[in-house]
Amino acid sequence: MAWDFETDPEFQEHLDWMDEFVTNEVQPLDLVLDDPYDKSDTAGLELITPLQEQVRERGLWACHLGPELGGPGYGQVKLALMNQILGRSRFAPTVFGCQAPDSGNAEILAHYGSDAQKERYLQPLLDGKISSCYSMTEPQGGADPTMFTTTAVKDGDEWVINGEKWFSSNAKFASFFIVMVVTNPDVSAYEGMSMFIVPAETPGVKIIRNTGIGNETEAEGSHAYMHYDNVRVSNDHLLGDPGAAFAIAQTRLGGGRIHHAMRTIAQVEAAFAMMCERALSRETRNGPLASLGVVQEQIADTWIEIEQFKLLVLRTAWRIDKYNDYRKVRKDISAVKVAMPKVYHDVALRAMHLHGALGVSNEMPFTGMLIASEVMALADGPTEVHKTTVARQVLREHKPVDGLWPSAHIPARKAAAREKYAAYFEREAADH
Ligand SMILES: Cc1cc2nc3c(=O)[nH]c(=O)nc-3n(C[C@H](O)[C@H](O)[C@H](O)COP(=O)(O)OP(=O)(O)OC[C@H]3O[C@@H](n4cnc5c(N)ncnc54)[C@H](O)[C@@H]3O)c2cc1C
């Protein structure tokens, strides 16, 4: 297997351009605008739209898409390198046309949508003209989707949706919702759930409240508690086949998880850079913090942890490109999903601590990073669930042995090894 850690020179040029563009043009937006998803913020759009134009001219718009959807089809390794830059700014994914949840929703519309659905929902989404929401989690069922109770019942040519969902991110900005519902309660949840596209203006679609994360106010919050009350949609709003919701959800979540991880690299590198700066500039009576062994140990541990995480993400990206089938890389993606919040949390906590009182203040980003790391540990599935996936997949690569392990097997293995190298041992005995 050949490992090459350099990318080709033409793509490196794109990365260099992105590096400068994100630092100088996009990161400042984080300091003056509120929400990258708010398409009603005309002042914000005035600043964002010309930047999006530059990205399009450069051929870097919606790079997660294949050529059939107008993207360059770079593949995940190149996307990993790009996302490590985009992850520095809340606004960068919007400026580059690859923001969640729209990117994942576009992926499933492209895969499973009818021509009419693609024209009505996918195209304006890809053009950045509308926003969307993925509405799956329910108050009584999150990590375990078999607990979902929202239903869609057929009534002539229409379906009637009833139930509640929560943590439906960006509902308040969305033009349409992709909603996962039970359509056949008589079979297993894996065969009895379907996906619907529900336009936001459909009667009965109600946002009860917008939940904020951490100390966000309700006005700032964007994770909606939704009621779907007798919501009627025609049959052509079914996305994919009836009963296909689980397969559709997996198509969406695989890509989403690895892209979050790629962007998390940028966040941990930013926290680490601040940590190093602080260590070098903060003086104690014996010299800078960086001269203390305990601080050096933290710097070394953190650098090693970040590099290990980057390699895991890049290798997983490489395997996705190689196999082109998310089912074959479930273990790798789940491993990344487990590692991501841990490294984010550990690095943010160490950086925060090294900054002393300033570290816990709202003038530094660390408290927000700690909450963001916990969000990463929950959204798209809790850590424990992904550890179970990793363990199950790993254990499939091994088999049980007969009898007592290891005592029954070690003597037999030793004897077999002695026999294999018998000639060597005989020669050695003769020589002495
Ligand atoms: C900021 C944010 C944005 C989100 N956006 C969306 C969105 O846009 N659309 C959407 O549909 N959902 C969204 N979610 C919901 C997210 O997908 C769920 O939070 C997640 O699936 C976990 O479900 P839950 O919160 O109900 O936790 P629960 O299922 O109640 O799990 C709680 C805890 O129980 C333990 N646990 C649960 N199951 C197991 C198990 N099998 N083995 C071991 N331990 C277990 C774990 O410790 C877990 O953390 C979002 C969540 C957050 C925080």
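Trainee: What should I know before reading the model?
Mentor: Residues are numbered from 1 along each chain as its sequence is written, and side-chain values use heavy atoms, with hydrogens and water left out. In this predicted model, local features need pLDDT of at least 70 and side-chain atom pairs count only at pLDDT 80 or more, while totals for chains, interfaces and linings use all residues.

Trainee: How many helices and strands does the chain have?
Mentor: The chain has 16 helices and 10 strands. These are DSSP runs, with helices being H or I of at least four residues and strands E of at least two, numbered from the N terminus.

Trainee: What is the helix and strand content of residues 10–129?
Mentor: That span is 62% helix and 0% strand, with its end C-alpha atoms 30 Å apart.

Trainee: And residues 133–217, what are they made of?
Mentor: Residues 133–217 are 5% helix and 51% strand, and their end C-alpha atoms lie 20 Å apart.

Trainee: Changing topic, what share of the chain is buried?
Mentor: Of its 432 residues, 44% count as buried, meaning under 20% relative accessible area with a 1.4 Å probe, protein chains only.

Trainee: What does the C-alpha trace span?
Mentor: Along its principal axes, the trace spans about 95 × 65 × 45 Å.

Note on methods
Buried means under 20% relative accessible area, exposed over 50%, partly exposed in between (1.4 Å probe, protein chains only).
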